[in-house]
Amino acid sequence: MRIGVIGAGAIGGAVAALLDRVGHLVEVTARGDHLAAIRADGLHLDGGWGSHTARVEAAETLQSTPELVFLCTKAQDARAAIEENAHLLRGITVVVVQNGLAGLRQAVELLPDSDCVGALALYASSYLAPGRVTVTTTANTYLGAGDGPPPAFAVAAARILDAAMPAFAVDNFTGCQWTKLMVNQVNAMAAITGLSVQETLGDRGLRAVVTASLQEATRVGLDRGVRYGSIQGLDDRILRFVARAPRWAAQVVPLLMRRRMGRTPNPGSTLQSIRRGQRSEIDYLNGAVVAEAAAIGRTAPVNAELTALVHEVERTGGFFSPQAVVERLDPLLRG
């Protein structure tokens with residue numbers, strides 16, 4: 001099958017390389033040094049799912065009409081990527097592999113003639129050098145759309161992807177998006193401190209901050225009427241426990257998330273963007289919690305402060321020490 005991957009970074013690069021490995025004709029989009037490296041030497045994948053060099057067609061936009069497309073850009077880049085490639089996307093299935101809550105909704109708006117599917121990648125992957133992607137933690141990818149059963153085109157896309165990496169079509173995709181938003185609560189702290197996610201969750205003070213932001217976020221979701229989906233060991237029952245439990249008890253969930261990541265340092269996608277000198281998608285992660293709270297007349301002060309700290313790192317290029325983060329957040333944690 002002719003498959004396009006728009007955005008061959010950490011997540012998209014893994015999708016492209018693994019689909020190439022099982023025999024699909026894959027074309028990717030990339031920019032700058034990454035594009036030049038893929039054209040010169042191929043797209044190199046290593047890590048949890050083995051090693052493979054994919055000799056794929058690559059350009060800044062898709063050059064031929066695909067039969068299936070995976071949109072894997074950062075959330076803030078999705079609109080431009082769709083608009084640049086829209087003339088080749090009409091009438092086909094477009095799988096939107098993105099963090100946050102807005103990606104699938106935006107694709108449906110911009111591509112009314114396409115079958116748009118959401119996808120949540122739970123594996124951890126790093127793109128820190130041009131042309132090279134490393135899978136640091138293997139896990140599933142979940143596909144679907146809306147609050148009910150997955151549509152037939154989501155099931156078909158999941159079947160194609162599952163031949164390359166573990167992928168499943170799921171019910172209640174909207175609830176699963178919210179659960180993934182809770183998983184992504186671990187990203188901000190790595191971006192603020194420059195430490196791996198495992199290191200931040202292993203630090204008692206930082207873990208308390210992450211737990212507080214997770215509790216705040218789960219409460220916002222519940223107040224929005226969300227029924228959390230079941231992915232990666234988290235479900236509605238567990239997240240309701242997080243929302244209601246005292247912080248010392250709720251921290252068991254971040255600790256469980258740390259254990260699932262294994263020992264290979266996971267920088268998180270937000271820190272990877274900062275290290276590459278790119279704008280991060282923090283406004284679609286912790287910032288999304290702030291926006292969802294505002295929509296119901298609430299505030300999310302811990303998530304707002306973490307969003308501000310990430311933007312400060314982006315602006316200054318300097319990371320915060322764990323002690324400085326704890327001291328800055330302490331008034332909110334005590335409130």
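Entry 1, helix pair. I looked up how α3 and α4 lie relative to each other in this predicted model. The axes of α3, residues 78-85, and α4, residues 103-110, come within 10 Å and cross at roughly 30°. Angles under 35 degrees count as roughly parallel, so I noted α3 and α4 as roughly parallel to each other. I also noted the hand of the crossing of α3 and α4, which is right-handed.

Which residues of α3 meet α4? I found Ala78, Arg79, Ile82 and Glu83 on the α3 side. On the α4 side I listed Gln106, Ala107, Glu109 and Leu110. Sorted by class, this contact of α3 with α4 has 4 nonpolar residues, 1 polar residue and 3 charged residues.

I next went to the second largest pocket, for which I have a volume of about 290 Å³. I counted 16 residues in the lining of this pocket, and the closest to its centre are Asp147, Thr174, Gln177, Trp178 and Val226. By class, I have 5 nonpolar, 6 polar and 5 charged residues in the lining.

Which helix gives the most to the lining of the second largest pocket? I found that α6 does, with 5 residues. This helix covers 173-183, and both α6 and α4 supply at least two residues each to the lining.

Terms used: Residues are numbered from 1 along each chain as its sequence is written. This is a predicted model: local features need pLDDT of at least 70, side-chain atom pairs count only at pLDDT 80 or more; totals for chains, interfaces and linings use all residues. Side-chain values use heavy atoms; hydrogens and water are left out. Axes are lines fitted to C-alpha atoms, for helices over the stretch in contact, and angles run from 0 to 180 degrees between N-to-C directions. Helices (H or I, at least four residues) and strands (E, at least two) are DSSP runs, numbered from the N terminus. Angles under 35 degrees count as roughly parallel, over 145 as roughly antiparallel, 65 to 115 as roughly perpendicular and the rest as oblique. A crossing is left-handed if the near helix is turned anticlockwise from the far one by less than a right angle, and right-handed if clockwise. Contact means heavy atoms within 4.5 Å. Ala, Val, Leu, Ile, Met, Phe, Trp, Tyr, Cys and Pro count as nonpolar, Asp, Glu, Lys and Arg as charged, and the others, Gly among them, as polar. On a 1 Å grid over the protein atoms alone, a cavity is a set of points where a 1.4 Å probe fits but cannot get out, and a pocket is an open set with protein on both sides within 12 Å along at least five of seven lines; lining residues have an atom within 4 Å of a point. Grid points are joined across faces, edges and corners, and a volume is the space filled by probe spheres set on the points.
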